[in-house]
Amino acid sequence: MNRSKQIYLASGLVAMLASGALALTSLASAADTKAPNDKMSGDMQMSGDVKMPQSAADFTAAAAKYDQEAAQLDSVSKRHAEMAALYRSRAIPGSKQQIAYSTLANHCENLAESYRKAAAEARMTAQSHREMAKTGV
């Protein structure tokens with residue numbers, strides 16, 4: 001592959017990663033914006049599909065969902081850590097692709113860490129729901 005084609009492909013990859021990051025940021029900020037119909041009532045019920053657990057069984061079910069979410073997040077984190085290791089192994093010092101592979105490895109490592117933190121938070125939330133189920137709130 002000639003040098004100009006490599007630069008073109010690397011530029012495309014960087015542009016794709018940047019646009020993906022922008023899209024994720026836009027989605028996150030859009031999710032934070034509440035629509036006028038998303039007001040909470042006095043008993044902490046939200047309109048739509050979101051409901052507060054009311055019984056021990058509800059809290060136990062919610063804990064199970066958060067445990068499942070944590071397992072999925074751990075899996076995604078592991079996948080990104082593996083991709084980071086693969087990219088890092090290809091970032092041979094002095095090679096033409098070293099910067100691109102290092103950049104991709106850093107990106108995957110950052111994602112893996114974010115997913116690990118999210119999984120830990122999901123496990124803590126599951127534990128809180130289990131404690132609420134025990135107290136019979």
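Buried means under 20% relative accessible area, exposed over 50%, and partly exposed in between (1.4 Å probe, protein chains only). This is a predicted model: local features need pLDDT of at least 70, side-chain atom pairs count only at pLDDT 80 or more, and totals for chains, interfaces and linings use all residues. Residues are numbered from 1 along each chain as its sequence is written, and side-chain values use heavy atoms, with hydrogens and water left out.

**Overall fold**
- The chain has 3 helices and 0 strands, taken as DSSP runs numbered from the N terminus (helices H or I, at least four residues; strands E, at least two).
- Along the sequence the pattern reads α-α-α.
- Of the 137 residues in the chain, 15% are buried.
- Among contacts (heavy atoms within 4.5 Å) with a separation of 6 or more, 63% join residues 24 or more positions apart.

**Helix H3**
- H3 covers residues 98–135, and its end C-alpha atoms are 56 Å apart.
- The buried residues of H3 are Ser102, Leu104, Ala105, Cys108, Ala112, Ala119, Ala122, Ala126, His129 and Ala133.
- Gly136 follows H3 and has a positive phi, near 70°.

**Ser77**
- Ser77 lies in helix H2, residues 56–90.
- Ser77 counts as buried because its relative accessibility is 2%.
- Leaving aside neighbours within four places in sequence, Ser77 contacts Ala112, Tyr115 and Arg116.
- Ser77 and Lys117 are 40 residues apart along the chain, with their C-alpha atoms separated by 9.3 Å.

Technical notes. Expected span 1.5 Å × (residues − 1).
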